[in-house]
Amino acid sequence: MTAPSFPVTEIVASRRPHRKDAARNYDALLAAAREAFAEHGAEASLEDIARRAGVGIGTLYRNFPTRRHLFESVYADEVNTLVRVAQELADQEPWEALTAWLDRFAGYMVTKRAVREALNDESEIFAACRDSMYAAGGPLFARAQEAGEARRDMDFVELLRMVAGITATAFDDDAQRDRVLSIALDGVRASR
């Protein structure tokens with residue numbers, strides 16, 4: 001059986017350089033951008049991103065000719081990680097797989113908020129990411145519902161909106177956010 005193909009995986013693979021040194025720089029720039037966007041939002045300095053990655057600004061522009069290209073690449077890479085995590089969790093118990101994926105989704109929302117304003121809902125990247133995320137995470141939710149572990153009176157989109165709403169709230173720290181998310185997920189769990 002072959003692994004399913006996701007549009008975002010193809011986008012990420014097509015953008016990533018093939019030479020090892022160039023791929024290392026590309027990955028370092030994505031990691032640095034993710035951090036900078038989480039800390040400073042969409043207005044994070046490109047020079048700071050290059051410095052954090054340990055490369056020159058020319059290397060940043062060679063990989064990401066525009067700020068929008070960098071936003072799209074960070075966003076696509078984050079969604080691709082969600083896809084990969086869903087695949088890795090597919091063999092776990094349904095409820096544990098779903099909640100582990102939603103924990104990762106909550107972390108992704110931090111980056112998404114930072115780059116969201118720079119992305120258009122109608123962009124090809126946004127559509128591919130949304131489709132890939134639903135195709136990867138949706139089956140985890142469906143499996144939890146089929147196993148009688150998750151409520152059947154809600155759908156995957158509603159679940160994601162609930163988690164997104166929780167992560168949009170200001171918390172004292174990550175532990176508090178995780179506790180509130182856990183309480184909300186108790187409401188998603190089917191009565192036993």
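## What counts as a cavity

On a 1 Å grid over the protein atoms alone, a cavity is a set of points where a 1.4 Å probe fits but cannot get out, while a pocket is an open set with protein on both sides within 12 Å along at least five of seven lines. A residue belongs to the lining if it has an atom within 4 Å of a point. Grid points are joined across faces, edges and corners, and a volume is the space filled by probe spheres set on the points.

This is a predicted model, in which local features need pLDDT of at least 70, side-chain atom pairs count only at pLDDT 80 or more, and totals for chains, interfaces and linings use all residues. Residues are numbered from 1 along each chain as its sequence is written, and side-chain values use heavy atoms, with hydrogens and water left out.

Let's start inside. The structure holds one cavity of 30 Å³ or more, and the volume of the largest cavity is about 30 Å³. Its lining is made by V12, R15, Y26, L30, S73, A76 and D77. Two or more of these residues come from each of α1 (7-15), α2 (20-40) and α5 (67-89); helices are DSSP runs of H or I with at least four residues, numbered from the N terminus. With three residues, α5 gives the largest share.

Where does the largest cavity lie? It lies between domain 1 (15-65) and domain 2 (71-188), because both give residues to its lining. The domain bounds come from an automatic or database domain assignment.

## The largest pocket

Now for the open spaces. The largest pocket holds about 240 Å³ of space. Among its 14 lining residues, K112, R130, M133, Y134 and R161 lie nearest its centre. Helices α6 (94-116), α7 (124-146) and α8 (156-167) each supply at least two lining residues, and α6 gives the most, with five.

What classes of residue line the largest pocket? There are ten nonpolar, no polar and four charged residues. Here Ala, Val, Leu, Ile, Met, Phe, Trp, Tyr, Cys and Pro count as nonpolar, Asp, Glu, Lys and Arg as charged, and the others, Gly among them, as polar.

## The second largest pocket

About 180 Å³ of space lies in the second largest pocket. Ten residues line it, and A86, Q87, A90, A136 and P139 are the closest to its centre. Helices α5 and α7 each supply at least two of the lining residues, with the largest share, four residues, coming from α7. By class, this lining has nine nonpolar, one polar and no charged residues.
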